[in-house]
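Work through these exercises with the structure open beside you. Try each task before you read its solution.

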Amino acid sequence: MLTILSVDRADKNKLFPIFGRLRTEQKNLAGEDVRFINFTRRRGKIHWKKIESVLGDDKTVLCREGLEIPESSHIRRFDCNELRIRLCLNMALAAMEMVRDKAGRIKVGIYDPCGKIADSTEAFFKFTDSVTVVTKAVDLYTVEADRIMQEQGAHLRVTKRLLSIENVHLVISPDIIKCRLPLKKQSVILTTDKPMVSQNCTLLSKYYFVLENGVSDLLPEGIDTEYFASALYTLCRRYYLGSLVPMAAKGTGAEHTLVSLSKYLINIASNT
């Protein structure tokens with residue numbers, strides 16, 4: 001069951017309980033049980049223990065970004081990047097598919113220290129034979145590289161050296177990037193969150209897509225579409241959402257549609 005938590009402020013001009021008001025409601029929407037919890041406060045303080053008391057054993061909630069839950073509380077804001085990893089990969093592959101005849105020029109880098117997407121690298125060989133992985137999970141990726149060589153005769157380069165991706169055009173990273181990648185300014189990074197260290201090139205980490213009818217009807221007011229879809233994918237096991245292809249993506253000072261990204265990648269690959 002999904003739990004949606006919202007917090008708002010009472011109208012100062014109306015009579016209201018001094019310690020705030022807690023309301024709960026449960027609905028079945030498109031086959032999913034969704035519990036709505038609303039806390040309306042009169043003053044600045046949010047009574048987290050009161051909210052926690054109605055949650056039961058599962059203290060995971062969906063709530064707007066920026067709502068600060070105290071560390072002392074057992075309540076946890078849902079946060080999982082499993083769907084974002086799929087969106088990141090899907091956008092990269094769809095962009096290359098759109099320029100399939102020329103995609104062989106695009107050099108792809110995978111920056112995956114923990115080896116999270118080792119089983120997804122094979123898909124890039126449909127379009128290019130230049131795929132380089134930088135990872136600490138060398139053994140895991142080496143097994144995948146051996147399999148790809150045996151089945152396709154393609155060479156997946158696996159290394160720990162960051163400089164090995166300095167000349168690639170497109171980098172996929174499934175985790176928060178914690179260091180500055182040695183990329184050219186015209187390169188593009190598709191990742192799942194804002195990096196801890198600023199990058200020297202275009203970085204896209206926020207993905208935009210349309211949910212199908214029925215699923216879109218579930219979207220609560222004030223909850224981001226991507227965030228909500230991630231909860232459906234992870235908590236409700238709606239794994240078909242993992243096939244979504246973003247129409248656009250944004251990042252720090254950057255924005256691309258799927259079409260513009262495919263054109264941009266071919267342009268830089270043709271001129272470097």
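**Exercise 1. A charged pair**

Is K206 buried, partly exposed or exposed?

*Solution.* Note at the outset that this is a predicted model.

Step 1. Take the relative accessibility of K206, which is 25%. Buried means under 20%, and exposed means over 50%. K206 therefore counts as partly exposed.

Step 2. Look for its partner. The side chains of K206 and D224 meet in a salt bridge, at 2.6 Å from N to O.

Step 3. K206 sits in strand β11, and D224 is in the loop between β11 and α4. The two are 18 residues apart, and the pair links distant parts of the chain.

Step 4. Widen the view. Salt bridges with shared partners join K206 and D224 with D79, R84, D193 and E226 into one network.

**Exercise 2. An enclosed helix**

*Solution.* 

Step 1. Name them. The buried residues are E226, Y227, F228, A229, S230, A231, L232 and Y233.

Step 2. See what surrounds them. They pack against strands β1 (2-9), β4 (60-61), β5 (76-77) and β11, and against helix α2 (82-98).

Step 3. Inspect both ends. At the start of α4, a side-chain oxygen of D224 comes within 3.0 Å of the backbone nitrogen of E226. Just after α4, R237 has a positive phi of about 60 degrees.

**Exercise 3. Ring pairs**

Describe the geometry of the F78 and Y227 pair, then that of Y233 and Y239.

*Solution.* 

Step 1. Know what to report. A pair of aromatic rings is described by the distance of the centres and the angle of the planes.

Step 2. The structure holds 2 aromatic pairs. In one of them, F78 and Y227 have ring centres 5.9 Å apart and planes at 50 degrees, and the pair is tilted.

Step 3. Locate the rings. F78 is in the loop between β5 and α2, while Y227 is in helix α4, so the pair ties together parts 149 residues apart in sequence. Both F78 and Y227 are buried.

Step 4. Now take Y233 and Y239. Their centres are 5.4 Å apart and their planes stand at 80 degrees, so this pair is edge-to-face. An angle over 60 degrees is the test here. Y233 counts as buried, at 11% relative accessibility.

**Exercise 4. Reading a sheet**

In what order do the 8 strands of the open sheet lie, and which strands stand at its edges?

*Solution.* 

Step 1. The order is β8-β7-β6-β9-β10-β11-β12-β13, with mixed pairing.

Step 2. β8 (156-159) and β13 (254-257) stand at the edges. Each has a single partner strand, so one side of each is left without a neighbour in the sheet.

Step 3. Neighbouring strands are turned by 25 degrees against each other on average, direction ignored.

Step 4. Zoom in on one pair. β11 (residues 202-208) and β12 (residues 248-251) pair in the antiparallel sense over 4 bridges. The bridge partner of Y208 in β12 is A248.

Step 5. Helix α5 (residues 258-270) lies across β9, β10, β12 and β13, at about 100 degrees to β13.

Technical notes. Residues are numbered from 1 along each chain as its sequence is written. This is a predicted model: local features need pLDDT of at least 70, side-chain atom pairs count only at pLDDT 80 or more; totals for chains, interfaces and linings use all residues. Side-chain values use heavy atoms; hydrogens and water are left out. Two strands pair if DSSP finds at least two bridges between them. Axes are lines fitted to C-alpha atoms, for helices over the stretch in contact, and angles run from 0 to 180 degrees between N-to-C directions. Contact means heavy atoms within 4.5 Å. Buried means under 20% relative accessible area, exposed over 50%, partly exposed in between (1.4 Å probe, protein chains only). A polar contact is a pair of N or O atoms within 3.5 Å; within protein, one must be able to donate a hydrogen and the other to accept it, and residues adjacent in sequence count only if both atoms are side-chain atoms. A salt bridge is a side-chain nitrogen of Lys or Arg within 4 Å of a carboxyl oxygen of Asp or Glu. Rings of Phe, Tyr and Trp (its six-membered ring) pair if their centres lie within 6.5 Å; planes under 30 degrees apart count as stacked, over 60 as edge-to-face and the rest as tilted.
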